[in-house]
Amino acid sequence: MTSELRADCGSCFGLCCVALTFARSADFAIDKPAGDPCPNLRHDFRCGIHSKLRPAGFQGCTVYDCFGAGQKISRQAGVSWRDQPGQEMFAALPIMRQLHELLWYLYDAQQRPETAPIRADLQRSLDHVEALTQQPVVEVDLGNERASVNELLLTTSRLVRGKQSKKKERRGADLVGAKLRKAELSRANLRGAYLIAADLAGADLRKADLIGADLRDSDLRGADLTDALFVTQSQVNAARGDSSTRIPGGLLRPDHWS
């Protein structure tokens, strides 16, 4: 399942390079409206500056992850946007990405030994969301689907983390630039926490709930995220780490960490 939820750019028609908007900023060197191909996109749908995206000013591209949505839409379409109108494919990308994100979280939850009491519910939800990805996704009520899945994810978090002290209940906390070097945060609730540029070097984040946590430019060098809950490739890509950072299985160590 995890391989199907990992971006495979070689099997995609470069949808993110066309469908998404770029705004000139620290993340993108240019402005690009949705629907216009990035000037760095080659005819074979590969990036012409892939090996030097960050020095070229396209850090945002190295952070983005579609959870495998791009190749699924490309496979379903069969023909690229260069050979037929691509508006439907472009509109489907952000919706399919969110559905695949839900699948990523549900798969994570299902693999936890602690979730045995809700394993059947998790499987039903997985099957339901997967079925949604096989139909025209622009018709999907994302709000309703996310709310339904979130109940299971909250239960998963409680089962895996157990009862914790109040100081570890930091859901949505403003921890921008926080000094948390070598902090003991195992099994902490950091759902939706703002950890932008936080110093988490050497921190213990084992089995911490990190769903939706903003890890942009956070220092994860030497940090231990073993079995951390609901961590995504985008979160890892946005952070700073090194060879001693322990990340959950199924995630790839970003090239820029080296």
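1. A charge sits over a ring if NZ of Lys or CZ of Arg is within 6 Å of the ring centre and within 35 degrees of the ring normal. Lys-32 meets this description, lying over the face of Phe-22 at 5.1 Å from the ring centre.

2. The model is predicted: local features need pLDDT of at least 70, side-chain atom pairs count only at pLDDT 80 or more, and totals for chains, interfaces and linings use all residues. Residues are numbered from 1 along each chain as its sequence is written, and side-chain values use heavy atoms, with hydrogens and water left out.

3. There are 6 aromatic pairs in the structure (rings of Phe, Tyr and Trp, the last by its six-membered ring, with centres within 6.5 Å; planes under 30 degrees apart are stacked, over 60 edge-to-face, the rest tilted). Phe-22 and Phe-28 are stacked, because their ring centres are 4.4 Å apart and their planes are at 10°.

4. Phe-22 counts as buried at 6% relative accessibility (buried means under 20% relative accessible area, exposed over 50%, partly exposed in between, with a 1.4 Å probe and protein chains only). Phe-28 counts as buried at 16%.

5. Tyr-105 and Phe-230 form an edge-to-face pair, with 5.7 Å from centre to centre and 75° between the planes. Tyr-105 belongs to helix 4 and Phe-230 to the loop between helix 6 (142-161) and helix 7, so the pair ties together parts 125 residues apart in sequence (helices are DSSP runs of H or I, at least four residues, numbered from the N terminus). Both Tyr-105 and Phe-230 are buried.

6. One aromatic cluster is formed by Phe-13, Phe-45, Trp-81 and Phe-90.

Conventions. Helix = DSSP H or I, 4+ residues; strand = E, 2+ residues; numbered from the N terminus.
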